[in-house]
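Trainee: Can you walk me through this model before I start working with it? I'd like to begin with confidence and then get to the packing.

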Amino acid sequence: MVTFAELRQAQPETYRQASRAWATLVEVIGTQGDTVTSRGSELGTVWAGPAATAATGHFTRLGEEFGQGAQIAGRIPAVLDTHAAAVAQAKATVDMVVSVLAPTPVLVSPAGTVSLSPAAYAVPAMVPFWQALAAQARTMINGAVQAATAADTAAAGQLNGLMPVATTTAATTSSASVPLSQVPAQGTNPQAVNDWWEGLSDEQRTWLLENHPERIGNLDGIPAVDRDAANRSVLATEQQRLEDRRDELNALGDDRNGDQDDELERINDQLTGITAINERLADTGPGKQQAFLLGFSTDGNGQAIVAMGNPDTADNIVTYVPGTTTRLGSIGGDLGRADIMVDSARAADPSESTSAIVWVGYEAPQSIINTDLGELGQDATNDRYAEAARDDLDRFQDGLRVTHEGERSHNTVLGHSYGSTVVGYTARDNGLDADELIFVGSPGVGVDNASQLGVDPRHVWSSTAANDPIQYGYNFGDLVQYGLGLDPQADLIHGANPSRAEFGGQVFASDPGDPLVRWTWEGPGPFDVIPVPHFSANAHSQYWDPGSASLENMGQIITGNRPTRN
Amino acid sequence: MSGDGAFFSVEYDQVGRVAGRLSEVTDALADAKAGAADLQAVSGSNAGFTTVDAALRCAQAWLDEVDRLTGRVETARTRVTDSVTTYRDTDDTAQGWFRTFETGLEG
């Protein structure tokens, strides 16, 4: 754990200095490897026979050893540069805090402790202001120190993974090593995971984080700080792998086949998400809580779980489950929503801390209605995505309880659109360890009544904007029964509309959203307007708009209060 | 030589020249290693960061790796040089035998 004092004394430029030296060394290794290979080829032109064949083969392999070395060591400069940037940003934050507070009665000790000097109490009316300033300073200092620590652990882990092959082999026999057979499997009960983790020595935990982060990062029951360190390493490794593959595919140019075009598109999409995550992880600026990468995978459409603020120490935790089209590549917008929910919660109760988690921990449908006959059912009308997500979301929530420090936190699980279906199915079938459930823009949550969700209906909240077309997404059977009229009794695709009073939960207000857009028929015939539900995609996605009633109300619920906006 | 029908041909001087030029590789590696002090630039600063220890371990491991690769190149160069010498010696010996035979000093 890096301390405030150590961060203040850090010299990030030395990492960049080392990075430049590494780049030079790597270039020499690569160049000389090419030379060795070239000399071997030259030998083949002036020497023939069995001995010559053996010799040239030897030089070819020797050249490959150089090349392999250059490839592995070639990743070191980027690790050091990334670390330098993270440390520099964290250091700049604490330096700025100290500098800004210097002329004020808010004191920052050499150890980073923030307190008020007696002068702060000279004017009673100013005391709340100084206290708020001190609180913000603590948040920023803690965030910066945590960011530096996370970057430090990640960089150390990556460097340990970039040793020469012979050294890597030797490391596996280290006394701190842990047999991988002892690492709990994915899906293990979070309490069992936590018991195992806490039973390891510091050296063993460090060894695992540095050598096998891929086995640790997605385990529920591992503390957030450690998961974050592990996943940052995994993310960096995966980013490098994807970039290498992208470059290979780009180099093929017109020779790429259809599958390779698809692969390239998928890689570019995932790299977009990775860039968004990296930017948020590095952002410890004013008003932003330290982000923690609690889960990461490039399998399938790619998944990631990112917390704004440490959930293990927060007073309130909201887990936000986004819906259709969610994937690693699209996570950037959801990270912004999480940040804005933290702000909303802070506005609702400045005295409490809140961690907002974006949970892209499931394979979400990628289209609302799939019209490709070969992929029928692979869209948001199918509930199999929600069914597949239940165990993972349930276990994640349990893990939050297990690793939380101090008093029990106030936990909310919030689902938007198809994400609300995921939350509802999980609550219905697995039971969710949550104090509040929030649904926004829901197409149904798998039950007819709030009482079937295993959470006190007084804490089941839902809102659907007046212009959100999701409320017209009827269950097909009811559509046939009730016709195309907007009958309030009709079930939605995935169950009763939770934003209706009949559902038995608590309905809170949202702004209406952008007006509906009526689809006009432009083809032949007498119709100028098709009598089908009308779509305004905007209203389905405006629940987090700054200043909106829904955002303010969600902040109140997340902090354990009742909605205040009508 | 080994095996039926096996043959070889060696351009002694050319092979020797190629082997000699391998010293450029070992020289370049030695120079790179000598100039790599900044790999350890993080030492002495950044107390409390585990990255420092990892970076120093990494630097030492790769400098050792450079030594190992240098040794492999030097050994290979020696093997080629020795092979050429052996070929040439054998050739000289055989040549000597037949010249001696031609001049009637023997047999």
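Trainee: So what pLDDT does chain A average?

Mentor: Chain A averages a pLDDT of 89, and 90% of the residues score at least 70. pLDDT is the predictor's confidence in each residue, from 0 to 100. This is a predicted model, in which local features need pLDDT of at least 70 and side-chain atom pairs count only at pLDDT 80 or more, while totals for chains, interfaces and linings use all residues. Residues are numbered from 1 along each chain as its sequence is written, chains are lettered from A and ligands numbered from 1 in the order in which they are written, and side-chain values use heavy atoms, with hydrogens and water left out.

Trainee: Where in chain A does pLDDT stay under 50?

Mentor: One such stretch is residues 167-173 of chain A, for which the model has 5 contacts beyond four places in sequence. Contact here means heavy atoms within 4.5 Å. Over residues 528-534 of chain A the pLDDT is also below 50, and that stretch has 15 contacts in the model beyond near neighbours in sequence.

Trainee: And what's the mean pLDDT of chain B?

Mentor: Chain B has a mean of 84, with 89% of its residues at 70 or more. Helices (H or I, at least four residues) and strands (E, at least two) are DSSP runs, numbered from the N terminus. Over residues 1-5 of chain B, pLDDT stays under 50, and the model has 3 contacts beyond four places in sequence for them.

Trainee: Which ipTM and pTM does the model score?

Mentor: ipTM is 0.88 and pTM is 0.63.

Trainee: OK, helices now. At what angle do α5 and α9 of chain A pack?

Mentor: About 50°, with the axes of α5 (residues 127-160) and α9 (residues 224-252) of chain A 8 Å apart. That makes α5(A) oblique to α9(A). For the cut-offs, angles under 35 degrees count as roughly parallel, over 145 as roughly antiparallel, 65 to 115 as roughly perpendicular and the rest as oblique. Axes are lines fitted to C-alpha atoms, for helices over the stretch in contact, and angles run from 0 to 180 degrees between N-to-C directions.

Trainee: Which residues of α5(A) meet α9(A)?

Mentor: On the α5(A) side they include A:A150, A:A154 and A:G157, and on the α9(A) side A:D228, A:R232 and A:A236 are among them. By class, this contact of α5(A) with α9(A) has 5 nonpolar, 4 polar and 2 charged residues. Ala, Val, Leu, Ile, Met, Phe, Trp, Tyr, Cys and Pro count as nonpolar, Asp, Glu, Lys and Arg as charged, and the others, Gly among them, as polar.

Trainee: How far apart are the axes of α7 and α12 in chain A?

Mentor: 9 Å, at an angle of about 40°, for α7 (residues 190-198) and α12 (residues 384-403) of chain A. That makes α7(A) oblique to α12(A). A:P190, A:Q191 and A:N194 in α7(A) meet residues of α12(A) including A:R395 and A:D398.

Trainee: What about α10 and α11 of chain A, at what angle do they cross?

Mentor: Roughly 30°, with the axes of α10 (residues 258-282) and α11 (residues 331-348) of chain A coming within 8 Å. That makes α10(A) roughly parallel to α11(A).

Trainee: Switching to strands, what order does the open sheet have?

Mentor: Its 8 strands in chain A go β4-β5-β7-β6-β8-β9-β10-β11, with mixed pairing. Two strands pair if DSSP finds at least two bridges between them. The edge strands are β4 (291-297) and β11 (506-507) of chain A.
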